[in-house]
Amino acid sequence: MSELTHFDPSGQAWMVDVSAKQETLRIAIASGEIHMLPDTLTRITAGEASKGDVLGIARIAAIQGAKRTAELIPLCHPLPLTKVTVQFTPDPSLPGVRCTVQAETVGRTGVEMEALTALQVGLLTIYDMCKAVDRGMVIHNVRLLEKQGGKSGHWVAG
């Protein structure tokens with residue numbers, strides 16, 4: 001495992017210098033889920049949530065979250081995202097909604113934080129839109145599944 005990169009030799013936090021890195025296509029895929037009452041999932045899938053299209057609004061929120069990651073995570077570089085896709089899959093066996101986000105850029109640093117931030121913002125938006133009927137929802141299993149690009153190459157979660 002590499003050293004922590006967000007600290008200088010004296011232990012002070014810093015933004016990593018990526019100027020010497022090569023620009024490559026960078027891809028990150030993250031996933032997670034939100035568990036809820038069966039009735040809450042039924043309301044979402046039937047389009048009966050009082051605040052509107054829960055998954056449509058959560059998708060837009062997730063994309064916005066990816067775009068604003070550098071504003072939220074202090075040492076992240078602002079990235080010119082080239083693509084962000086968000087997929088929500090209702091799953092009665094949870095019961096809840098599974099989410100997968102893929103973020104892409106051509107740049108000098110990876111897009112893992114953008115994918116993970118998008119994922120969390122999307123799931124939190126579902127929570128926000130449904131909390132009036134289900135305050136016990138729980139976000140689970142948020143994780144990076146895969147990353148591609150850069151010197152470290154292709155990584156897939158085990």
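Helix H1 of this predicted model has three buried residues, Thr 40, Leu 41 and Ile 44. Buried means under 20% relative accessible area, exposed over 50%, and partly exposed in between (1.4 Å probe, protein chains only). Helices (H or I, at least four residues) and strands (E, at least two) are DSSP runs, numbered from the N terminus. At 43% relative accessibility, Ala 46 counts as partly exposed. Gly 47 follows H1 and has a positive phi, near 70°.

Residues are numbered from 1 along each chain as its sequence is written. Local features need pLDDT of at least 70, side-chain atom pairs count only at pLDDT 80 or more, totals for chains, interfaces and linings use all residues, and side-chain values use heavy atoms, with hydrogens and water left out.

The largest nonpolar core has 30 residues. Such a core is a set of buried Ala, Val, Leu, Ile, Met, Phe, Trp, Tyr and Cys residues joined through side-chain atoms within 4.5 Å. Met 36, Val 54, Phe 88, Val 97, Val 101 and Ile 126 have the most contacts inside it. Two or more residues come from each of E1 (24-35), H1 (38-46), H2 (54-67), E2 (81-91), E3 (96-107) and H4 (112-130). H4 gives the most, with seven residues. Beyond its neighbours within four places in sequence, Val 54 is in contact (heavy atoms within 4.5 Å) with Ile 44, Ala 49, Ile 126, Met 129 and Cys 130.

The axes of H2 and H4 come within 7 Å and cross at roughly 145°. Axes are lines fitted to C-alpha atoms, for helices over the stretch in contact, and angles run from 0 to 180 degrees between N-to-C directions. On the H2 side, the residues that meet H4 include Val 54, Leu 55, Ile 57 and Ala 58. On the H4 side, Val 121, Ile 126, Met 129 and Cys 130 are among those involved.

Gly 32 lies in strand E1. At 6% relative accessibility, Gly 32 counts as buried. Residues up to four places away aside, Gly 32 touches Val 97, Arg 98, Cys 99, Leu 119, Leu 123, His 140, Asn 141 and Val 142.
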